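Hi,

Here is the structure I promised to pass on. Have a look at it first, then read my notes below.

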Amino acid sequence: AAGSWLSVDLGAGRSLVVDGYCWRGTVYDSNAALRSWQLQGSADGRAWIPLKTHADDQSLGAGGQTYGSVEHWAVDGVSTAYRHFRILLTGPNSRGDHFLATNGMELYGELLLD
């Protein structure tokens, strides 16, 4: 559905100053590569801050291979640590619908422990 999202909670006492992330496309549906989405961060899991915006990003499934494709992106200019992260679907996937699916997501940066 439009506005679908997937979130990650690092847990109490942990936060991350993110400087990059990796997304692994689904092996369930070979035509559901993300195209338009945001990586967002939150301290409380309710108020979300956009950290990286993708609009018609063709990098997942480049060369026609969307099945299980993997891509990494740098996240520049973030100096705040967040406990929660999410991917928010902001437009249709490579199939033209709003199906959000993944085989994995990795976050990179400086982990802070309270």
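A search of the whole structure turns up three aromatic pairs; rings of Phe, Tyr and Trp (its six-membered ring) pair if their centres lie within 6.5 Å, and planes under 30 degrees apart count as stacked, over 60 as edge-to-face and the rest as tilted. W37 and W73 have ring centres 5.3 Å apart and planes at 70 degrees, so this pair is edge-to-face. W37 sits in strand β3 (residues 37–42) and W73 in strand β5, so the pair ties together parts that are 36 residues apart in sequence. (Strands, E, at least two residues, are DSSP runs, numbered from the N terminus.) Both W37 and W73 are buried, where buried means under 20% relative accessible area, exposed over 50%, and partly exposed in between (1.4 Å probe, protein chains only). Y82 and F85 have ring centres 6.3 Å apart and planes at 85 degrees, so they are edge-to-face too. Y82 and F85 are both buried. There is also one aromatic cluster made of Y21, W37 and W73.

Before you go further: this is a predicted model, where local features need pLDDT of at least 70 and side-chain atom pairs count only at pLDDT 80 or more, while totals for chains, interfaces and linings use all residues. Residues are numbered from 1 along each chain as its sequence is written, and side-chain values use heavy atoms, with hydrogens and water left out.

Now the charges. R86 lies over the face of W5, 5.4 Å from the ring centre (this needs NZ of Lys or CZ of Arg within 6 Å of the ring centre and within 35 degrees of the ring normal).

How many salt bridges does a search of the whole structure find? Four, each being a side-chain nitrogen of Lys or Arg within 4 Å of a carboxyl oxygen of Asp or Glu. One of them joins the side chains of D9 and R83 (2.6 Å, N to O). That pair links distant parts of the chain, with D9 in strand β1 (residues 5–9) and R83 in the loop between β5 (70–74) and β6 (84–89), 74 residues apart. D9 is partly exposed at 43% relative accessibility, and R83 is partly exposed at 28%.

Another salt bridge joins E106 and R24 (2.7 Å, N to O). E106 is in strand β7 (residues 104–113) and R24 in strand β2 (residues 14–24), so the pair ties together parts 82 residues apart in sequence. In R95 and D97, the closest N and O atoms are 2.8 Å apart.

Cheers

Note on methods. Helices (H or I, at least four residues) and strands (E, at least two) are DSSP runs, numbered from the N terminus.
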